[in-house]
Amino acid sequence: MGKTLRAVWLVVRMAFQADRAAALRVIGAYAVTAVAYTLVPFWFKLIADSALARDLEESVLAAAAAALTLTLVAFVGTLGANASQELQERTGLLIDERLARLALGIPGIEHYEHPRYQDYMVLLRQDRAMLSQALSSLMNLGAGALGMVLTAVLLARVHPLLLLLPALGAAFLLTSRVGQRLRQEANEATAERFRQASYLFELATEPEAGKELRVFGLERELVDRYDRLWRGVSRERTLAGTRAALLDALAWLVFALGYGGAVGFVVWLAVSGRATPGDVLLTLGLASQVHGYIANFTYLLGWVLNTVRSVARLVWLEDYARRTLPVLPASARAPVPERLTRGIDLEGVSFRYPGTEVWGLREVSLSLPAGSIVALVGENGAGKTTLVKLLTRMYDPTEGR
C-alpha cells in the first residue's frame, strides 16, 4: 500500500509541476461530471412518474432539469477534455526532461550498457503516455467512485436488494487485476528481447551499418534474427493477453446475469404494485451506469498497477544514479587544469564491463607523459577502446587507480 501511495503522489506532483492551472481544471471537470451524470436517470424517473400522474408542472421541471444536466455534462466534459490534453502534453515533456537529465547526469557511459538500466528505460518510454495522463486517470477513478456511491444510494431507494448489482462488480475487478498482472509480467519478461529486436530494426534501416552489412552479406541473417526475436515477444504477450481476456469474459458473464436479474426483479415489483414505472426506468439507467463504472474501474485498476511498476522503475533509476555519482571529499575536488604538467598514470588498472565476467583490461600500469602523443596499437579486443574510455572517465576501473 505504501508503494502505491508513493507512486500516486509522485505522478500527481509531476502533473502539478507541469501545469497547475490545467490540473485544477481537470479535477473540477471530473467532479462536476460525476455528480451530474448520475442524476440523469433520476430526472428520467421523475418525468415518467409525473407524466403517469398527469402532473404537468413536475414533468416540465424534471425535463428541464434533465436537459440542463445533459448540457452541463457535455460542456464541462469538453472543457475537461481540453484541459486533460494540455496537461498530458506538458506532463509528457516533463517526464522526457526528467529521464534525459537522469541519463545525462550520471558521469560516464557505464549505465548505457547496464542491462536493467536499458530495460527500465525502454519500459518507461513505452509507459510515457500512461504516466503523462496520470492525474486525469486518478480523477476519473475518483469520479467513478463518487458516481458509484450516488448510484448505490438511488438503487437502494428502489429496493435494498439492488445493491447486489454493484457488488457483482467486485468479481470483475478481481479477475481484471489478475489479467493485468499477467500482461505486465509478460511485458517485463520480454523487455530485453523487445529492445534487441528494436536495435536490429534500427541497424537494418539506418545508414551507419549499411556498408558492413552488405560487404559481409548479413542482410538475411539480420532479418532472420529480428523475426525470431519479435515472434517470441509477440507469442508470449499474446498468450498473456488471451488468458486475461478469458478471465474478463467470465466476469462479464456473471455481471450480465446480475444485470438481467436486477431489471427483471424491478419489473416484477412494478407489476405487483410495489414500484413505479419510473423506478423501472431508473433501474435500467443506473444498471447501465454500473456497467460503465465497472469497465472504467477495470481500465483504471490496470493503470494503477502499471503506474506503480513504472514509478518503481523510475525510483530505481534515480537510486542507481545516486549510487553511481562519485562521492568525493571537498579537498579531492579540483577544476580541470588548463594544461597537464605531469601527465597521467595508471597503476594496476583492471576493468570488466557491466554484467560480464570477462576482463577487458587486466593489471595495466603505464605512464603517459604530459605533452606527448601516444598511439595505442593492438588486435581487435585487446582493450584499446576500453583504455581510452577509462582515461576519459567514461568508466571507473574495477580495480586499480
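Helix α2 (residues 20–52) packs against helix α3 at an angle of about 160°, with their axes 7 Å apart, where axes are lines fitted to C-alpha atoms, for helices over the stretch in contact, and angles run from 0 to 180 degrees between N-to-C directions. That angle makes α2 roughly antiparallel to α3, because angles over 145 degrees count as roughly antiparallel, those under 35 as roughly parallel, those of 65 to 115 as roughly perpendicular and the rest as oblique. By class, the contact of α2 with α3 has 23 nonpolar, 7 polar and 3 charged residues; here Ala, Val, Leu, Ile, Met, Phe, Trp, Tyr, Cys and Pro count as nonpolar, Asp, Glu, Lys and Arg as charged, and the others, Gly among them, as polar. The crossing of α2 and α3 is left-handed, a term for a near helix turned anticlockwise from the far one by less than a right angle, with right-handed used if the turn is clockwise.

This is a predicted model, in which local features need pLDDT of at least 70 and side-chain atom pairs count only at pLDDT 80 or more, while totals for chains, interfaces and linings use all residues. Residues are numbered from 1 along each chain as its sequence is written, and side-chain values use heavy atoms, with hydrogens and water left out.

Helices (H or I, at least four residues) and strands (E, at least two) are DSSP runs, numbered from the N terminus.

On a 1 Å grid over the protein atoms alone, a cavity is a set of points where a 1.4 Å probe fits but cannot get out, whereas a pocket is an open set with protein on both sides within 12 Å along at least five of seven lines; lining residues have an atom within 4 Å of a point. Grid points are joined across faces, edges and corners, and a volume is the space filled by probe spheres set on the points.

The search of the whole structure finds 1 cavity of 30 Å³ or more, and about 50 Å³ of space lies in the largest cavity. Its lining consists of M14, I95, R98, L99, L124, L131 and L314, which by class gives 6 nonpolar, no polar and 1 charged residues. Helix α3 (residues 56–105) gives the most to this lining, with 3 residues.

The second largest pocket holds about 430 Å³ of space. It is lined by Y112, Y117, Q118, M121, V122, R125, Q126, F194, R195, S198, Y199 and E202, and the elements that give two or more residues to this lining are α4 (115–126) and α8 (191–205). Helix α4 supplies the largest share, 6 residues, and by class the lining has 6 nonpolar, 3 polar and 3 charged residues.

| Residue | Relative accessibility | Class |
|---|---|---|
| L135 | 2% | buried |
| R98 | 24% | partly exposed |
| A31 | 40% | partly exposed |
| E363 | 56% | exposed |

R98, one of the residues lining the largest cavity, lies in helix α3, and its C-alpha atom is separated by 9.9 Å from that of E318, 220 residues apart along the chain. A31 is found in helix α2, with 14 Å between its C-alpha atom and that of T69, 38 residues apart along the chain. L135 belongs to helix α6 (residues 134–158), and the C-alpha atoms of L135 and L102, 33 residues apart along the chain, are separated by 23 Å. E363 lies in strand β2 (residues 359–369) and has a positive phi of about 50° although it is not a glycine.

How values were computed. Buried means under 20% relative accessible area, exposed over 50%, partly exposed in between (1.4 Å probe, protein chains only).
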